Amino acid sequence: MKKVITISLLLIMTIMVNAQDKRFSPEKFEAALKAFIIKEASLTPQEADKVYPVFCELREKQRVIYDKMRKLGMNKPSGDEACKQAIIEYDKLNLELRQLEVNYHKKMMKEVSASKVYVIMQAENRFHRQMMKGWQNGWQQGHGWQKGNGWQKGKRN
């Protein structure tokens with residue numbers, strides 16, 4: 001009986017540890033994004049301290065707009081006029097998003113060179129694409145930037 005209880009406890013603990021590794025961690029995501037951008041853009045610690053808070057502020061404001069867009073798209077309006085209004089609202093949000101990006105890109109260019117801001121923009125896009133590939137290949141199981149999970153620089157799947 002003692003062996004059965006011990007084996008059961010070990011099995012439960014193993015399952016719990018594996019389940020914890022599979023949950024999304026915003027902190028882990030943010031740390032990985034920051035490290036990726038700093039590395040890709042070759043930012044010095046001083047540059048990173050100046051530009052990364054501006055980048056984070058942009059992302060927070062983008063998130064608000066993306067949430068509005070998501071809510072707008074959750075329910076299909078009934079009728080042609082309601083659809084027209086939904087399209088107009090969606091277009092306004094898209095314009096607001098683009099204008100926000102323009103303003104924050106200008107703010108970032110006051111902190112670092114335009115070429116570094118350009119690389120930051122590219123790196124963010126690449127990070128998100130690689131993150132999606134990484135999730136497919138086990139990133140959420142704690143493999144992070146390790147070899148063989150789609151995160152290598154320049155790897156194309």
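This briefing covers the fold, helix packing, nonpolar core and salt bridges of one protein model.

The model is predicted: local features need pLDDT of at least 70, side-chain atom pairs count only at pLDDT 80 or more, and totals for chains, interfaces and linings use all residues. Residues are numbered from 1 along each chain as its sequence is written, and side-chain values use heavy atoms, with hydrogens and water left out. The protein has five helices and zero strands. Nine salt bridges are present in the structure.

**Overall fold**

- Along the sequence, the pattern reads α-α-α-α-α. Helices (H or I, at least four residues) and strands (E, at least two) are DSSP runs, numbered from the N terminus.
- The protein has 157 residues, of which 29% count as buried. Buried means under 20% relative accessible area, exposed means over 50%, and partly exposed lies in between (1.4 Å probe, protein chains only).
- Among contacts in the protein with a separation of 6 or more, 67% join residues 24 or more positions apart. A contact means heavy atoms within 4.5 Å.

**Packing of α3 against α4**

- Helix α3 spans residues 45-74. Helix α4 spans residues 80-111.
- The two helices, α3 and α4, pack at an angle of about 180°, and their axes are 10 Å apart. Axes are lines fitted to C-alpha atoms, for helices over the stretch in contact, and angles run from 0 to 180 degrees between N-to-C directions.
- α3 and α4 are therefore roughly antiparallel. Angles over 145 degrees count as roughly antiparallel, under 35 as roughly parallel, 65 to 115 as roughly perpendicular, and the rest as oblique.
- The contact of α3 with α4 has 15 nonpolar, two polar and nine charged residues. Ala, Val, Leu, Ile, Met, Phe, Trp, Tyr, Cys and Pro count as nonpolar; Asp, Glu, Lys and Arg count as charged; the others, Gly among them, count as polar.
- Arg63 lies in helix α3. With a relative accessible area of 33%, Arg63 is partly exposed.
- Arg63 and Leu97 are 34 residues apart along the chain, and their C-alpha atoms are separated by 9.6 Å.

**Nonpolar core**

- The largest nonpolar core holds 26 residues; Ile37, Leu43, Phe55, Met108, Ile120 and Phe127 touch the most other members. Such a core is a set of buried Ala, Val, Leu, Ile, Met, Phe, Trp, Tyr and Cys residues joined through side-chain atoms within 4.5 Å.
- At least two residues of this core come from each of α2, α3, α4 and α5. Helix α3 gives the most, with eight residues.
- In soluble globular proteins, nonpolar side chains tend to be buried together.
- Ile37 sits in helix α2 (residues 26-40). Its relative accessibility is 1%, so Ile37 counts as buried.
- Leaving out residues up to four places away in sequence, Ile37 touches Leu43, Tyr52, Phe55, Ile120, Ala123 and Glu124.
- Ile37 and Ala48 are eleven residues apart in sequence, with a C-alpha to C-alpha distance of 9.1 Å.

**Salt bridges around Glu57**

- Side chains of opposite charge can pair when their charged atoms come close. A salt bridge here is a side-chain nitrogen of Lys or Arg within 4 Å of a carboxyl oxygen of Asp or Glu.
- Glu57 forms a salt bridge with Lys61, at 3.9 Å from N to O. Lys61 and Glu57 are four residues apart in helix α3, so about one helical turn separates them.
- Glu57 also forms a salt bridge with Lys107, at 4.0 Å from N to O. This pair links distant parts of the chain, with Glu57 in α3 and Lys107 in α4, 50 residues apart.

**Salt bridges around Arg59**

- Glu124 pairs with Arg59 in a salt bridge, with the closest N and O atoms 3.7 Å apart. Glu124 lies in helix α5 (residues 114-136) and Arg59 in helix α3, so the pair ties together parts that are 65 residues apart in sequence.
- Both partners, Glu124 and Arg59, are buried. The relative accessible area of Arg59 is 9%.
- A network of salt bridges links Glu30, Arg59 and Glu124.
- Arg59 touches Phe29, Glu30, Leu33 and Glu124, not counting residues up to four places away in sequence.
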